[in-house]
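Let's take a walk through a protein fold together. Keep the sequence and the 3D view side by side, and find each piece as we get to it.

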Amino acid sequence: MPGDDWALFLDVDGCLLDFADAPDRVVVPLGLRERLFSLSQRLGGALALVSGRSLQSLDDLFWPLRLPAAGMHGVERRSQARRVHAPKADLALRRLCAEAGVLALRHPGAIVENKHAGFALHWRAAPAAEAALRDFAEAAVARLPGHRLQLGDHVAEVVPAGGDKGRAIEDFLAEAPFAGRFPVYAGDDLTDEAAFRAINARDGASVLVGGRGDSAARFGLRDPAEVRAWLDMPAAGDRRSVAQAGA
């Protein structure tokens, strides 16, 4: 269980939740919302979700919770005071998202996720589509000044430049209720490496979920089920007790 002095940051897909073939098919286990609410209360609100999903998607997924959160890999951010920082979509982006949707129709199982300020092309259920979807994403970034390509687990995303999960965490840690607490981050993907580095720079606990060997994370948990079990463990006296949870 997290220590009372933690600032806790949690990735969602592949960390809190098991992957599904499509983002809208993931399952929030029974009792997880209540557990997150209880943890947030005990930490004085210093619990935030940090995800590739949009803020709207996170709110829909965990409704009725509306936790502090960073969406689109840190491009969007909502503080504990409910201040929202988010870019807006333009016409060129909307057109490219529509083109991506047409491409996905040619590859059954491929999915385009419209995040309004960007979009993601998923091929988890259509592995043969990877090359075509990655090529499209690379070409789309070249046509969209101010955007960048973000690769992840079976996904290529077009997102606004200038933000990442590490920067989002630094912004959270500069404000109440996160400031002055022991920072802990758990995540599973390449997009979480910036967050691990930001946590390590503050001598916090960075936790990789899954079995990648090339990570900056200092601790590890096997899978989302172990993450959820870790959140339910009895509190230990050592504020850095994350190391006792399978790290």
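Start at strand S10, residues 182–187, which is mostly covered: six of its six residues are buried. Buried here means under 20% relative accessible area, while exposed means over 50% and partly exposed is in between, using a 1.4 Å probe and protein chains only. The strands, like the helices, are DSSP runs numbered from the N terminus: helices are H or I with at least four residues, strands are E with at least two. Before going on, a word on what you're looking at: this is a predicted model, where local features need pLDDT of at least 70 and side-chain atom pairs count only at pLDDT 80 or more, while totals for chains, interfaces and linings use all residues. Residues are numbered from 1 along each chain as its sequence is written, and side-chain values use heavy atoms, with hydrogens and water left out.

In a regular strand, side chains alternate between the two faces of the sheet. Which residues of S10 sit on each side? Phe 182, Val 184 and Ala 186 are on one side, Pro 183, Tyr 185 and Gly 187 are on the other, and all of them are buried.

Now look at the neighbours of S10. Strands pair if DSSP finds at least two bridges between them. Strand S1 (residues 6–10) runs parallel to S10 and is joined to it by five bridges, with Trp 6 partnered by Phe 182. Strand S11 (residues 205–209) also pairs with S10 in the parallel sense, over four bridges, and here Val 184 stands opposite Ala 205.

Zoom out and you'll find these strands in an open sheet of eight, in the order S5-S4-S3-S2-S1-S10-S11-S12, with mixed pairing. The edge strands are S5 (84–85) and S12 (219–221), each of which pairs on one side only. For an antiparallel piece of the pairing, check S3 (residues 69–71) and S4 (residues 76–78), which are joined by three bridges; there, Gly 71 has Glu 76 as its bridge partner.

How does the chain get from S10 to S11? Together with helix H6 (residues 193–201), these two strands make a right-handed β-α-β unit. Right-handed means that, with the strands pointing away from the viewer, the path from the first strand over the helix to the second runs clockwise. Glu 193 lies in H6, and it counts as buried because its relative accessibility is 9%. Apart from residues up to four places away in sequence, Glu 193 touches Arg 212, Ser 215 and Ala 216; contact means heavy atoms within 4.5 Å.

The axes of helix H5 (residues 165–173) and H6 come within 6 Å and cross at roughly 40°. That makes H5 oblique to H6: angles under 35 degrees count as roughly parallel, over 145 as roughly antiparallel, 65 to 115 as roughly perpendicular, and the rest as oblique. Axes are lines fitted to C-alpha atoms, for helices over the stretch in contact, and angles run from 0 to 180 degrees between N-to-C directions. Lys 165, Gly 166, Ile 169 and Glu 170 in H5 meet Ala 194, Ala 195, Ala 198 and Ile 199 in H6.

Another helix to find is H7 (residues 224–231), where six of its eight residues are buried. Those are Pro 224, Glu 226, Val 227, Arg 228, Trp 230 and Leu 231, and they pack against S1, helix H1 (32–42), S10, S11 and S12.

Next, move over to another open sheet, with four strands in the order S6-S7-S9-S8 and antiparallel pairing. S6 (111–114) and S8 stand at its edges with a single partner strand each, so one side of each is left without a neighbour in the sheet. S8 (residues 147–152) and S9 (residues 155–160) pair over six bridges. Their hairpin has two residues between the strands, and in it His 154 takes a positive phi near 60°.
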